[in-house]
Every structure is written in structure tokens, then in C-alpha cells.
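Hi everyone, and thanks for coming. I'd like to walk you through a structure that may be new to you, so please have a look at it first.

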Amino acid sequence: MKVILNQDVKGLGKKGDVVEVSEGYGRNFLLPKKLAVLGTESNLNVAKAKAGSAARKKAMEADEAKLLAAQLAKVAVTLKVKIGEGGKLFGSVTGKDVAQALAKDGIEVDKRKVSLDREVTGVGEYTATIKVHAETTAQIKVTVVEG
């Protein structure tokens with residue numbers, strides 16, 4: 001029996017997938033719990049249309065992410081930090097600091113998506129990687145100065 005999944009079902013498939021299941025599993029478990037609908041001709045056409053629109057939406061999001069990554073590659077951030085004796089930092093520089101500096105420049109980035117390639121130990125230039133999309137990242141230059 002063919003069914004179209006309404007939700008992700010572990011071991012079977014993801015939402016919107018058309019899968020072949022046994023009669024008993026479909027009639028006694030999937031359909032009564034509304035985890036799936038019967039794979040009739042009209043339901044299959046609706047599922048194909050939804051899959052097509054989801055694919056177009058995903059492609060548009062990937063294109064937008066590539067544009068944002070290209071814009072971010074041109075950006076450089078300067079962070080002013082307190083420096084103690086011997087050139088040691090007071091505190092630390094994290095992705096949150098980089099995200100706040102980008103926000104001051106008008107670029108909104110989630111602080112959890114920003115990671116520094118190496119630990120910031122003092123004044124100098126560092127590289128931060130920003131995860132823009134699932135498969136798209138951008139690298140920006142971060143300059144740490146005494147201030």
C-alpha cells in the first residue's frame with residue numbers, strides 16, 4: 001500500500017515522502033494516528049506539487065545564502081579590547097563579540113553561527129567563519145586592537 005507521510009517516521013521516511021508499507025502497518029498504525037494519508041491519485045499529485053515548491057524554496061534560500069556569503073567576504077571587523085601587562089587579554093573574544101560588531105555595521109548574524117578559527121590570545125589579525133546556510137560559509141577578517 002502506498003502512503004504519503006504527514007510527519008517524519010523513524011525508520012520509514014521524512015514528511016512528504018511517498019513510501020510503500022504493508023497493509024496492516026498502514027491501516028492499523030499510520031492512518032489512525034494521522035502519520036500518513038492514503039496514496040490516492042489526487043493525494044500523490046498534491047504531494048508532488050508540494051515537493052516541487054519545497055525544492056524551489058530551498059534553491060532560493062541557497063542562492064540568497066551565497067549572495068550573503070559574498071557580501072560577508074568583503075567585510076572586516078575591528079574589535080577593541082583591554083590588554084594587560086605582557087600583551088595578555090582581559091577576558092576573551094568570542095563569536096558573540098564578532099556578531100555584535102557586525103550588527104553595528106548593519107549585518108545581522110546569529111552569534112551561534114560565528115566561530116573563530118583559533119583562540120584569540122592577543123592583538124593581531126584572526127579569521128572568523130560564519131555559517132550562513134547548511135552548506136555555505138563565509139570567512140571574515142577580525143582585527144583585535146588595544147582600546
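Before I go on, a word on what you are looking at. This is a predicted model, in which local features need pLDDT of at least 70 and side-chain atom pairs count only at pLDDT 80 or more, while totals for chains, interfaces and linings use all residues. Residues are numbered from 1 along each chain as its sequence is written, and side-chain values use heavy atoms, with hydrogens and water left out.

Now, the names. Helices (H or I, at least four residues) and strands (E, at least two) are DSSP runs, numbered from the N terminus. Two strands pair if DSSP finds at least two bridges between them. As a reminder, strands of a sheet pair through backbone hydrogen bonds, either parallel or antiparallel.

Back to the start of the chain. Strand S1, residues 2-5, pairs with strand S2, residues 18-20, in the antiparallel sense over three bridges. S1 also has strand S3, residues 36-38, as an antiparallel partner, again over three bridges. There, Ile4 has Val37 of S3 as its bridge partner.

Let me stay with Val3 for a moment. Thr40 is 37 residues from Val3 in sequence, yet their C-alpha atoms are 8.2 Å apart in space. Thr40 sits in the loop between S3 and H2. With a relative accessible area of 32%, Thr40 is partly exposed. On those words: buried means under 20% relative accessible area, exposed means over 50%, and partly exposed is in between, using a 1.4 Å probe and protein chains only.

Another loop, the one between H1 and S3, holds Lys34. Phi of Lys34 is near 55 degrees, a positive value in a residue other than glycine. Lys34 is exposed, at 60% relative accessible area.

Next, the other sheet I want to show you. Four strands form an open sheet in the order S4-S7-S6-S5, with mixed pairing. Its edge strands are S4 (76-81) and S5 (114-116), each of which pairs on one side only. From one strand to the next, the twist averages 30 degrees. S4 and S7 pair in the parallel sense over six bridges, and Lys80 has Val145 in S7 as its bridge partner.

What lies across S6 and S7? That is helix H2, residues 41-73, which runs at about 25 degrees to S7. For such angles, axes are lines fitted to C-alpha atoms, for helices over the stretch in contact, and angles run from 0 to 180 degrees between N-to-C directions. Contact means heavy atoms within 4.5 Å.

His133 belongs to strand S6, residues 124-133. Is His133 buried or exposed? At 17% relative accessibility, His133 counts as buried. Leaving aside neighbours within four places in sequence, His133 is in contact with Glu61, Ala62 and Ala65.

On to charges. Side chains of opposite charge can pair when their charged atoms come close. How many salt bridges does a search of the whole structure find? It finds three, a salt bridge being a side-chain nitrogen of Lys or Arg within 4 Å of a carboxyl oxygen of Asp or Glu.

- Glu23 pairs with Arg27, with the closest N and O atoms 3.6 Å apart. The two are four residues apart in helix H1 (residues 23-30), so about one helical turn separates them.
- Asp110 meets Arg112 at 3.0 Å, N to O. Asp110 is partly exposed at 30% relative accessibility, whereas Arg112 is exposed at 70%.
- Glu125 pairs with Lys141, with the closest N and O atoms 3.7 Å apart. Glu125 lies in S6 and Lys141 in S7 (residues 136-146), so this pair ties together parts that are 16 residues apart in sequence.

Last stop: the largest pocket, with a volume of about 290 Å³. Its lining includes Ile4, Val37 and Lys50. S1 and H2 are the elements that give two or more residues to that lining, and H2 gives the most, with six.

Terms used: 1 Å grid on protein atoms, 1.4 Å probe; cavity = no way out; pocket = protein on both sides within 12 Å on 5 of 7 lines; lining within 4 Å. Points joined across faces, edges and corners; volume = space filled by probe spheres on them.
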